[in-house]
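Hi there,

Here is the structure I promised to pass on to you. Have a look at it first, and then read on for a tour of what turned up in it.

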Amino acid sequence: IGHTTSETTVNDNLVVTGDIDLAGSIDVDGTANLDAVDIDGAVDIASTLTVSGSTGGAYIGSFTNSSATGWGLFVKGGADNADYSLRVQDKDAGDLLSVKSGGNIGIGTNDPDSCKLHVHSASAGSVSPNAAADELVLENSAAVGMTMLGGASSTCTIAMGDADSNYQGVIIYDNNDSSMKFKTANNEAMRINSAGAVTKPITPAFLARPASDQTNFAEDSLV
């Protein structure tokens, strides 16, 4: 084709082995080929890329890296922490997932509320998490909850620690015998059995307490 400043129409295939510099748009229309645009090299887009279409298939686009060591999709956000790196909405423009450039992630919200991960079902009102507990926020306008599901003979564990030990304070629920265990400094400090009785440990300090304080404790733990 050579250098041209006017409109050029290609009715057959167009193969470019070198670079192509476009100041306008590419309109690919009416082709029976499944790959309307097939680009084997790198693409650098300095402005906005918009993909809009209608298809009965599962999706209108996909990103695949066939390399055994290569990346998938790399997305980098704007210069401001409030800018989006990624935003996904449902068919009614409701927010499904948002990732801000500052590192905060929202599920069900486009505005992760001053936390690393914000799971939002509905607004609880004008409230923000305390700075001492703002890595994970679960929010709803009514009751809110979190579930851990494990195997019937396995445990569900919440562990707390630091650089010296990653297993210092621990809460363990044992699905096998329906008991709850609490550890401090990685030592079991208390165990509650399936009947609700505290069976371990019983210390001299506990035995010195009034009998009324020991009502719900298992008798065999006093041995």
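In strand β2, the residue that forms a bridge with Q89 is D95. Strands here are DSSP runs of E with at least two residues, helices are runs of H or I with at least four residues, and both are numbered from the N terminus. Two strands are said to pair if DSSP finds at least two bridges between them. The hairpin of β1 and β2 has 5 residues between the strands, and A93 takes a positive phi near 65° there.

Before going further, please keep in mind that this is a predicted model: local features need pLDDT of at least 70, side-chain atom pairs count only at pLDDT 80 or more, and totals for chains, interfaces and linings use all residues. Residues are numbered from 1 along each chain as its sequence is written, and side-chain values use heavy atoms, with hydrogens and water left out.

Now stay with β2 for a moment, as K100 is worth a look. K100 sits in this strand, which spans residues 95–100. Is K100 buried or exposed? K100 counts as buried, because its relative accessibility is 11%. The cut-offs are these: buried means under 20% relative accessible area, exposed means over 50%, and partly exposed lies in between, with a 1.4 Å probe and protein chains only. Leaving aside residues up to four places away in sequence, K100 touches N81, A82, D83, Y84, S85, N110, D111 and P112. A contact of this kind means heavy atoms within 4.5 Å. The side chain of K100 also reaches the backbone oxygen of A82 at 3.4 Å. That is a polar contact (a pair of N or O atoms within 3.5 Å; within protein, one must be able to donate a hydrogen and the other to accept it, and residues adjacent in sequence count only if both atoms are side-chain atoms).

Next, the whole chain. The protein chain has 1 helix and 10 strands, and along the sequence they follow the pattern β-β-β-β-β-β-β-β-β-β-α. Of its 223 residues, 12% are buried. Among contacts between residues at least 6 apart in sequence, 2% join residues at least 24 apart. The accessible surface comes to about 17500 Å², and 50% of it belongs to carbon and sulfur atoms. This area comes from the Shrake-Rupley method with a 1.4 Å probe; for residues, only the protein chains shown count as cover.

Further along there is a sheet to trace by eye. 5 strands form an open sheet in the order β6-β7-β8-β9-β10, with antiparallel pairing. Its edge strands are β6 and β10 (198–200), each of which pairs on one side only. From one strand to the next, the twist averages 20°. For such angles, axes are lines fitted to C-alpha atoms (for helices over the stretch in contact), and angles run from 0 to 180 degrees between N-to-C directions.

You can walk through this sheet pair by pair:

- β6 (residues 155–160) and β7 (residues 169–174) are antiparallel and joined by 6 bridges; T157 has I172 in β7 as its bridge partner.
- β7 and β8 (residues 179–184) are antiparallel, with 5 bridges; D174 has S179 in β8 as its bridge partner.
- β9 (residues 187–192) and β10 are antiparallel, with 2 bridges; I192 has V198 in β10 as its bridge partner.

Most residues other than glycine have a negative phi. S178 is not a glycine, yet its phi is positive, at about 60°. S178 lies in the loop between β7 and β8, a hairpin with 4 residues between the strands. S178 is partly exposed, with a relative accessible area of 32%. N186 also has a positive phi of about 60° without being a glycine. N186 is found in the loop between β8 and β9 and is partly exposed, at 35%.

Last, how many aromatic pairs are there? The count comes to 1. W71 and F74 form this pair, which is tilted: 5.5 Å centre to centre, with 45° between the planes. Rings of Phe, Tyr and Trp (its six-membered ring) pair if their centres lie within 6.5 Å; planes under 30 degrees apart count as stacked, over 60 as edge-to-face and the rest as tilted. W71 is exposed, with a relative accessible area of 61%, and F74 is exposed at 55%.

Enjoy exploring!

Best wishes
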